[in-house]
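Trainee: I would like to learn how to read a few features of a structure with you. Could we go through them one by one?

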Amino acid sequence: ISGYDLGNSPREMTPDILAGRTVVFNSTNGTRLLKRFADFRHVAVGSLVSLSATMRFIAQYKADPIVCCAGREGFFSGEDTLAAGLIISRLDSAISRDDAALAAERLVGGAGETWRQWVRDSFHGRYLISLGFGEDLDFCLDVDRYDFVPVKAGSAIIRTDRRPFR
């Protein structure tokens with residue numbers, strides 16, 4: 001996009017490029033979703049690459065979490081739902097689950113150990129691979145690559161550990 005230094009690849013966002021800088025990130029679906037939760041006090045941008053940190057963030061609060069998928073162009077996204085299912089499957093069983101949460105959790109159970117291949121075979125997974133972004137997909141499926149989760153702080157998104165990117 002004109003005026004942006006980096007593209008959409010998470011592999012471009014390396015610590016040496018991000019360290020000490022303020023980053024402006026814009027996405028089609030994630031930005032819209034974050035706007036919907038602008039008035040919420042505790043919002044994390046959970047993902048597979050920070051799954052354990054996401055779970056620690058959720059565990060800090062007494063209320064049942066709301067797990068939402070950004071989707072793709074306003075529609076259902078299989079890989080987002082599978083990631084949500086992995087989060088939901090790690091929640092305490094006493095936490096309330098609606099039908100969407102149960103479906104996401106069951107998707108994970110049905111995919112079993114082949115969930116990474118399931119994501120690669122999904123509509124968006126095949127699309128990314130066709131554009132040459134298969135390595136980006138693998139990067140995003142690397143569970144717990146990071147030990148922090150981005151969280152909302154006012155109108156900004158910061159690391160949970162509040163450390164600079166290194």
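Mentor: Gladly. Let us begin with a definition: buried means under 20% relative accessible area, exposed means over 50%, and partly exposed is what lies in between. Keep in mind that the model here is predicted.

Trainee: How does Val45 count on that scale?

Mentor: Val45 has a relative accessibility of 32%, so Val45 counts as partly exposed. You will find Val45 in the loop between helix H2 (30-36) and H3.

Trainee: Which residues is Val45 in contact with, leaving aside its neighbours within four places in sequence?

Mentor: Val45 is in contact with Leu34, Ser50, Val149, Pro150 and Ile157. Take Leu34 from that list: Val45 and Leu34 are eleven residues apart in sequence, and their C-alpha atoms are 8.6 Å apart in space.

Trainee: And is Thr54 buried or exposed?

Mentor: Thr54 is buried, because its relative accessible area is 3% and buried means under 20%. Thr54 sits in helix H3. Beyond its neighbours within four places in sequence, Thr54 is in contact with Gly46, Ser47, Ile87 and Val149.

Trainee: What about Ala59: buried or exposed?

Mentor: Ala59 also lies in helix H3, but Ala59 counts as exposed, at 62% relative accessibility. Ala59 and Leu91 are 32 residues apart along the chain, with 8.7 Å between their C-alpha atoms.

Trainee: Let us turn to helix packing. How are two packed helices described?

Mentor: Two packed helices are described by the angle between their axes and the distance between the axes. In this model, H4 and H5 pack at an angle of about 95°, and their axes are 7 Å apart. That angle makes H4 roughly perpendicular to H5, as 65 to 115 degrees counts as roughly perpendicular.

Trainee: Which residues make the contact between H4 and H5?

Mentor: From H4 come Gly78, Thr81, Leu82, Ala84, Gly85, Leu86, Ile88 and Ser89. H5 brings Ala101, Ala104, Glu105, Leu107, Val108 and Ala111. By residue class, the contact of H4 with H5 has nine nonpolar, four polar and one charged.

Trainee: Now the second largest pocket. How many residues line it, and which lie nearest its centre?

Mentor: The lining of the second largest pocket has 17 residues, and Val67, Ile88, Asp98, Ala100 and Ala101 lie nearest the centre. Helix H4 (78-89) and helix H5 (99-111) are the elements that give two or more residues to this lining. The space in the second largest pocket is about 320 Å³. Its lining divides into 13 nonpolar residues, two polar and two charged. Ile88 and Ala101 are named here and also in the contact of H4 with H5.

Key:
Residues numbered from 1 in each chain as written. Predicted model: local features only at pLDDT ≥ 70, side-chain atom pairs only at ≥ 80, totals over all residues. Heavy atoms only, no water. 1 Å grid on protein atoms, 1.4 Å probe; cavity = no way out; pocket = protein on both sides within 12 Å on 5 of 7 lines; lining within 4 Å. Points joined across faces, edges and corners; volume = space filled by probe spheres on them. Helix = DSSP H or I, 4+ residues; strand = E, 2+ residues; numbered from the N terminus. Nonpolar A, V, L, I, M, F, W, Y, C, P; charged D, E, K, R; others polar. Axes fitted to C-alpha atoms, helices over the stretch in contact; angles between N-to-C directions. Parallel < 35°, antiparallel > 145°, perpendicular 65-115°, else oblique. Contact = heavy atoms within 4.5 Å. Buried < 20%, exposed > 50% of the residue type's maximum accessible area, 1.4 Å probe, protein only.
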